[in-house]
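Me: Please take me through the terms used for this model one by one, setting each value against its cut-off before you conclude.

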Amino acid sequence: MKKEFRKKVINLRKEKDKDFIKHNSDIITEKLLQLDCVKNAKTIMLYLDFNNEVATDSLINKLINLGKTVASPITLKEERKLIPSQITDLENGIQYGAYNIREPKPECSTTIDIKDLDVVIVPAVAYDKGCYRLGYGGGFYDRFLENLREDAVTVGIAFDLQIFNEVPKEDHDAQLDYIVTESTILTPK
């Protein structure tokens, strides 16, 4: 069930052209920058986009320019673990890691304690209107989010085409505090 659903949504996203991705990512970036949790955060972790996800490079640069500490995960595939690592330079401080996803180069970045994260912006294949996410199937983010401090804020970003009334979910699937799309901001009901 999850597998077919995932595939369908990934294909919908893959059909979108670069202009769609850039235009809507820019709208989502501006909405994110207006959220109080982002404005007030000192340390923010977010993903480096791939496969037509909401683009994050512009957001990362804007957050760094605002004086925020910005982290992205280094994926330890065998341990099924994400290590938040600071990004200071998108040009030279990034490499391709596990699953061919961009991540900070360990030699160019400082590891950040998970308890220091104020906001975590997570990727997903799809979300439902109750702010539950359907990830890529590895469980990396579900495990990671369980270990955040209680007042840390979780935000999903997605295009409208990734939002559904319901997504297939299990007990361990994380419910987020916000989902931001090009047309709306969702919070749990």
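Me: Which helix holds Arg 6, and what makes Arg 6 count as buried?

Reply: Arg 6 is found in α1, where a helix is a DSSP run of H or I with at least four residues, a strand is a run of E with at least two, and both are numbered from the N terminus. The relative accessible area of Arg 6 is 14%, and because buried means under 20%, exposed over 50% and partly exposed in between, with a 1.4 Å probe and protein chains only, Arg 6 counts as buried. The model is predicted, so local features need pLDDT of at least 70 and side-chain atom pairs pLDDT 80 or more, while totals for chains, interfaces and linings use all residues. Residues are numbered from 1 along each chain as its sequence is written, and side-chain values use heavy atoms, with hydrogens and water left out.

Me: Which residues is Arg 6 in contact with, leaving aside its neighbours within four places in sequence?

Reply: With contact meaning heavy atoms within 4.5 Å, Arg 6 meets Val 125, Leu 134, Gly 135, Tyr 136 and Gly 137 once those neighbours are left aside.

Me: What makes the largest pocket a pocket, and which residues lie nearest its centre?

Reply: On a 1 Å grid over the protein atoms alone, a pocket is an open set of points with protein on both sides within 12 Å along at least five of seven lines, and its lining residues have an atom within 4 Å of a point. The largest pocket is lined by 33 residues, with Ile 101, Tyr 136, Gly 137, Gly 138 and Phe 140 nearest its centre. Its volume is about 630 Å³, a volume being the space filled by probe spheres set on the points, which are joined across faces, edges and corners. Helix α1 gives the largest share of the lining, five residues, and among the other elements that supply at least two are β2 (69-76) and α5 (140-146).

Me: How many residues of each class does the lining of the largest pocket have?

Reply: The lining has 13 nonpolar, 12 charged and eight polar residues, where Ala, Val, Leu, Ile, Met, Phe, Trp, Tyr, Cys and Pro count as nonpolar, Asp, Glu, Lys and Arg as charged, and the others, Gly among them, as polar.

Me: What makes β3 and β12 edge strands?

Reply: The open sheet of seven strands runs in the order β3-β2-β1-β6-β9-β11-β12, with mixed pairing. Strands β3 (81-86) and β12 (185-186) each have a single partner strand, so one side of each is left without a neighbour in the sheet.

Me: How do you know that β9 pairs with β11 and β2 with β3?

Reply: Two strands pair if DSSP finds at least two bridges between them. Three bridges join β9 (153-157) to β11 (178-180), which run parallel, and in β11 the bridge partner of Ile 157 is Val 180. Six bridges join the antiparallel β2 and β3, among them the one between Thr 75 and Leu 82. Strand β6 (119-122) is joined to β9 by four bridges, in parallel, with Val 155 as the partner of Ile 121.

Me: Why is β9 called mostly covered?

Reply: Five of its five residues are buried. In a regular strand the side chains alternate between the two faces of the sheet. Val 153, Val 155 and Ile 157 point one way from β9, Thr 154 and Gly 156 the other way, and all are buried.

Me: Why is Tyr 99 called partly exposed, whereas Asn 100 is called exposed?

Reply: Tyr 99 has a relative accessible area of 40%, and therefore counts as partly exposed, whereas Asn 100, at 53%, counts as exposed.

How values were computed
On a 1 Å grid over the protein atoms alone, a cavity is a set of points where a 1.4 Å probe fits but cannot get out, and a pocket is an open set with protein on both sides within 12 Å along at least five of seven lines; lining residues have an atom within 4 Å of a point.
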